[in-house]
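Please look at the sequence and the 3D structure below before reading on. The report then goes through a few of the features that can be found there.

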Amino acid sequence: MIDKKKDIQKIKNFSIELRKNILEMAYAAGASSSHFGGALSIVEIMSTLFSYKMKINKDPSWDQRDRFILSKGHACLAYYAALCEVGYITKEELTTFEKDDSNLLGHPVINK
């Protein structure tokens, strides 16, 4: 049986962590380097996808997992925050957003 209350609470908790991560990255990047408003505007969507709906695992078999395409580049803080919460990026790496030699650029790039 599906426990909807538990699923909703899981999404809410994920949303809280995303917001924290987004604001911490924006603060670390400085005033001229982040668009946190766009990221905060998609927190609930990202939380639902990454914590509940999408099949994401570190299995190298691409046909066994879902793909996510972010067409709203200024919302990349939410994407990076979600990747952190599911274990693809560390909390420490989030603080490198928009810094020299960081993999976390102001707009996601496929080859980074």
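## Basis of the model

This is a predicted model: local features need pLDDT of at least 70, side-chain atom pairs count only at pLDDT 80 or more, and totals for chains, interfaces and linings use all residues. Residues are numbered from 1 along each chain as its sequence is written, and side-chain values use heavy atoms, with hydrogens and water left out.

## Aromatic rings

A pair of aromatic rings is described by the distance of the centres and the angle of the planes. Rings of Phe, Tyr and Trp (its six-membered ring) pair if their centres lie within 6.5 Å; planes under 30 degrees apart count as stacked, over 60 as edge-to-face and the rest as tilted. Searching the whole structure gives five aromatic pairs. One of them joins F50 and F68 edge-to-face, with 5.2 Å from centre to centre and 65° between the planes. F50 belongs to helix α3 (residues 43-53) and F68 to the loop between α3 and α4 (76-85), so this pair ties together parts that are 18 residues apart in sequence. Helices here are DSSP runs (H or I, at least four residues), numbered from the N terminus.

Relative accessible area sorts residues into buried (under 20%), exposed (over 50%) and partly exposed (in between), using a 1.4 Å probe and protein chains only. F50 is buried at 6%, whereas F68 is partly exposed at 22%.

Which residues of α3 are buried? They are V43, M46, S47, F50 and S51. Seen down the axis of α3, these residues fall within an arc of 100°, so they line one face of the helix; the arc is that of the directions from the helix axis to the C-beta atoms. An α-helix has 3.6 residues a turn, so residues three or four places apart point the same way.

The buried residues of α3 pack against α1 (4-29), α2 (36-40) and α4, where contact means heavy atoms within 4.5 Å. On the other side of α3, I45 and K53 are exposed.

## Positive phi angles

E98 is not a glycine, yet its phi is positive, near 65°. This residue is found in the segment after α5 (91-94) and is partly exposed, with a relative accessible area of 35%.

D101 also lies in the segment after α5. Its phi is positive too, at about 65°, although D101 is not a glycine. With a relative accessible area of 82%, D101 is exposed.

Key:
Helices (H or I, at least four residues) and strands (E, at least two) are DSSP runs, numbered from the N terminus.
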